[in-house]
Amino acid sequence: MPKNTLRASLAACLLTLASAALADRDHGDRKWAASWTTAPVNVFKGVGSVQTAALVNFAFPPATPTPQAVNQTLRMIVKPDIWGSTMRVRLSNTWGTGPVTFGRVAIGLQSFSGATVSGTNRVVTFGGKTSVTLAAGDERFSDAVHVEWAHSGGDDEDEVNPAVEGRNLAISMFIPGSSGPMTFHGTALQESFLGAPNTGDHTLEDADDAYPYETSSWFFVDAVDVLAPSDTRVLVGAGSSSVDGSITTPGNNDRFLNWMSRRLHAAYGQHVSVVNAGIGGDTAAIPGAGQTRPLREVLPERFDRDVLGASGITDVVFYAGTNDFGDKIPSSQSIDSLRSMVQKLHGLGINAIGGTLISNVHQAGTTTATYVAHDEINQFILHSGVFDSLADFYGATIDPNNIDPVSGFPVLRADYQIHSDPDGTPDFLHLGRNGAQAEADTLDIGFFAPSRRR
């Protein structure tokens, strides 16, 4: 064998072994830190809007009873909260009914739309193999993958290339056969891109010609990790649609968690990562007999997977309970459930931050009893002493000079009600960009100071 060929072969073998070891060993002063997460909601059913109808008709074969991918490539666009030169991704078949095989997976830096920056796509392996099959209900982390373009090129291994800060990561997944029902998260508020059925593997292509369809959902991927310093704080947002980002502008990253991230990064740089485990419609308590179940799994049921499953988790900020009373769950049940989840966190040495529920006076279908139930949850959050830190969204967003004459509770400030989805009409349940920023401003940044790092 020629020397150059031998060297190349040995280098490839060593790289594979190093990647596998990196993924499994005790990293000492390093740890895997979640940089982006989303919560698997259900399987994609392809109904409910013009866009999803179009997806069924064109992006996914319409002949199957449940939409599925067939011999095609999906390119998911996500925004890492922190970057690093060593990353991994987690694929999810949480709600699938059978195995799904991924023939090849790659990550690269998004350029625009479905295109990636030339030369940045890197193949992701699983146990050293490019193909991986996930059984129904399974999730799987990839091996570590080196993305040298995310590094500054300096001596400090944690120094990030300034060109990637604020940029998106493209995760391309080729499904060679039929996927079966597809695990997804619907409220991505970010456009991703889909190849047409039976068009094959386009994971390593920089151009986006092979991705003619777009979607505002994320399919089959639920986490991106970065190998980071062991003192990196990972803050996970847990709760309902306000956490998920409902009515904030797609593509703008205007959720209150994004604004918290901006404040934390301004103070501490890459040493804090903020990720999202919210699902619209979620409840703080598990619905019982005579109560309404809004999701396949609500927060306490999915807590271990979606919240505790975030790599390197150190802190959780809750915004949960706003939907409970409408689902016939009394405030006492919501409070008991919140207390139980916080106790679980404390048992693991994880901090709990309580976010109070914003005023929902004038929200459709609410009554004075609803406002009282919300107030009881808020009083628990503010005064029970259960939480390690507080974020008083309610106090920061009400208009104390605008009191509802029927209930006696204050209304949201008018400038916090406005948004752009779809026509700006307030729903008195969610806040737009200005309101989300006000919520984020209530986070105690000093709670994340280096002296308090784990």
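Modeller: One thing to keep in mind is that this is a predicted model. Let's start with strand β4, residues 86–92, which is mostly covered.
Biologist: How many of the residues in β4 are buried?
Modeller: Seven of its seven residues are buried.
Biologist: Which residues point which way from β4?
Modeller: T86, R88, R90 and S92 point one way, while M87, V89 and L91 point the other way. Both sets are buried.
Biologist: OK, and which strand does β4 join through five bridges?
Modeller: That is β17, residues 221–229, and the two run antiparallel. Within that pairing, V89 stands opposite V224.
Biologist: What about β10, how many bridges there?
Modeller: Three bridges join β4 to β10, residues 139–141, again running antiparallel. S92 has E139 of β10 as its bridge partner.
Biologist: And β11, how does that pair with β4?
Modeller: In the antiparallel sense, over two bridges, with β11 covering residues 145–146. There, M87 stands opposite V145.
Biologist: Switching topic: where is D254 found?
Modeller: D254 is in the loop between α3 (241–244) and α4 (256–268).
Biologist: Is D254 buried or exposed?
Modeller: D254 is buried, because its relative accessible area is 1% and the cut-off for buried is under 20%.
Biologist: So what does the side chain of D254 make polar contacts with?
Modeller: One is with the side chain of R433, at 2.8 Å. Another polar contact, of 3.5 Å, joins the D254 side chain to that of N252.
Biologist: Leaving aside its neighbours within four places in sequence, which residues is D254 in contact with?
Modeller: With those neighbours set aside, D254 is in contact with T248, T249, W259, R262, R433 and A436.
Biologist: Nice. Last one: where does A285 sit?
Modeller: A285 is in a loop as well, the one between β19 (272–278) and α5 (299–307).
Biologist: Buried or exposed, for A285?
Modeller: Buried, because A285 has 1% relative accessibility.
Biologist: What does A285 touch, not counting residues up to four places away in sequence?
Modeller: A285 touches V298, P300, D324, I329, Q333, S334 and S337.
Biologist: And how many residues apart in sequence are A285 and P330?
Modeller: They are 45 residues apart in sequence, and 9.3 Å apart in space from C-alpha to C-alpha.
Biologist: Great, thanks!

Notes
Residues numbered from 1 in each chain as written. Predicted model: local features only at pLDDT ≥ 70, side-chain atom pairs only at ≥ 80, totals over all residues. Heavy atoms only, no water. Helix = DSSP H or I, 4+ residues; strand = E, 2+ residues; numbered from the N terminus. Buried < 20%, exposed > 50% of the residue type's maximum accessible area, 1.4 Å probe, protein only. Polar contact = N/O pair within 3.5 Å; in protein donor to acceptor, adjacent residues only side chain to side chain. Contact = heavy atoms within 4.5 Å. Pairing = 2+ DSSP bridges.
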